[in-house]
Amino acid sequence: MCNNECDASTEELAHPPALMFDFEGRNPTTFWQSSSWRKFPKPLQVNITLSWNKSIELTDDIVLTFESGRPEQMVLEKSLDFGRTWTPYQFYATDCLDAFTMEPKTAGELTQLTLLDIICTEEYSRGYVWKNDKTVRFEIKERFALFAGPRLHNMASLYGQLDTTKKLRDFFTVTDLRIKLLKPATGATMVDENNLSRYFYAISDVKVQGRCKCNLHANSCVFDKGRLGCECEHNTTGPDCSRCKKHYHGRAWSGGSYLPIPKGTANICIPSMNGPVHRANASSLGVVDRNKARVCDNAMLRCQNGGTCHHHQRCHCAPGFSGVLCERARCQGPGECEDQRSGQPALRRRLIERPLVLTAGALLLLVVPLC
C-alpha cells in the first residue's frame, strides 16, 4: 500500500499509530501500517493497547477498520485493573479450531445464560476483503439485546440485570483494551516467500464508545490535566464515585440504581450519625420471626429495583416488583406478562451518566511489536 516508500523515520512517509484516531473522511484515507512480514516464518505480532486510566462502561460496538486484509488471527483483550492483568474478550480467526482449538461461534448464537462466554468467531477474519467489508467488531449491542429485546425497547429489563448482577456489569467495564494481531491476511493457503512485503497490518480507524463508570453518581465526566474523572454528586467521592465523602457515612455507600424507570434511585450518602452504623446480618433473611430480625437496611441488604426499607422489617416495593427484597418483576395488568417475556414494552430512559464518545484526545495509545 505504501508502494515500497514507507519510512517510519520520515514524516512524509510514516504511518504512525496516531493515524488510527485522526479525523475520518479524508481522501485518501489515513492509516497506521505495521512493518512487513520480512522475518517469515517468525510470527508477525503486534500489540495495540488503549489505556484510559479510568473505568469505562462500553455502550456500543467496538469497531476496527482495516485498510489491509483483516488479520487471519487476532485476540481482543481487556483489563479491569489498569493493565496489570488481562483476560480475553474475543478470539478471531479464519479457522478457530486450528488457531485456538475453539469451536467457531457468532455473537448471534449467544443466550442470556452464555452471554459471558468467551467465543472465537470466523465472521471477521476472511483474508482480502471487499471495499465495504473491512471492519472487525466486538458486538456490545447484540449482547444488550439478549435482555432488552432485538430493538432494545425493553431497557428496564437490561437495567435490572445490570443493577443486580456484578459479573454482567464487569463484563461491559474496562480500564484498558488490547488488540493482539497474530497473523496477517495471506489470501492463500501458502505464504509467498518471494513477496513478503505484501503481508502487513493496516488500520485506518479504531472506534470505542462508552461512558465513564461513576456508579450512577455523576451526570458528567471531564477530561482534565490528561485524565478522565467523574464529577461526583450525591455526597460521593473517588475516581468512580465509589465511596461517601467524609462525614457522610450515615449509611454504607451504595451505587445508584437505574430502577425504577424513568428516574432511578440515587442512593445518596447521608450525614454521619452520632451512634454506630448498624450493618445487616445476611442470615436475617432466613429467620421466621422478622419482627426481631433485619430483613433490610441501607447497607448489606438493600431493597432492589427502587424499593425502600421500612423499619428494617420489610421492603416497600416499587410498582411492578415483588419479593422479600423486591428482586422479582411482577406483571400488573392484562398483557403485561406477555410483553415482558417478548421484550416489547417501549421503556426508555435517559441514562444518569451522559454517554461519552472516546476520541483521540482521551486515549493513550501504545504499539509494541513483539517480533
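Is R178 buried or exposed? The model is predicted.

1. **R178 and its partner.** R178 is buried, because its relative accessibility is 16% and the cut-off for buried is under 20%. Its side chain meets that of E77 in a salt bridge, at 2.8 Å from N to O.

2. **A network.** E57, R211 and K213 form one network. Salt bridges with shared partners join them.

3. **The total.** How many salt bridges does the structure hold? There are 10. In general, side chains of opposite charge can pair when their charged atoms come close.

4. **K141 with D60.** These two side chains meet in a salt bridge of 3.8 Å, N to O. K141 sits in helix α2, while D60 sits in the loop between β2 (46–58) and β3 (62–66), so the bridge ties together parts 81 residues apart in sequence. D60 is buried, with a relative accessible area of 18%. K141 is partly exposed, because its relative accessibility is 39%.

5. **K134 with E67.** Here the salt bridge is 3.4 Å, N to O. K134 is in the loop between β6 (120–121) and β7 (135–138), and E67 is in the loop between β3 and β4 (73–79), so this pair ties together parts 67 residues apart in sequence. K134 is partly exposed, at a relative accessible area of 22%. E67 also counts as partly exposed, at 21% relative accessibility.

6. **Helix α3.** Why is helix α3 described as largely enclosed by the rest of the structure? Of its 10 residues (155–164), 7 are buried, so the rest of the structure largely encloses it. Those buried residues are M155, A156, L158, Y159, G160, L162 and D163.

7. **Neighbours of α3.** What do the buried residues of α3 pack against? Their packing partners are α2 (141–148) and α4 (166–171).

How values were computed. Residues numbered from 1 in each chain as written. Predicted model: local features only at pLDDT ≥ 70, side-chain atom pairs only at ≥ 80, totals over all residues. Heavy atoms only, no water. Buried < 20%, exposed > 50% of the residue type's maximum accessible area, 1.4 Å probe, protein only. Helix = DSSP H or I, 4+ residues; strand = E, 2+ residues; numbered from the N terminus. Contact = heavy atoms within 4.5 Å. Salt bridge = Lys/Arg side-chain N within 4 Å of Asp/Glu carboxyl O.
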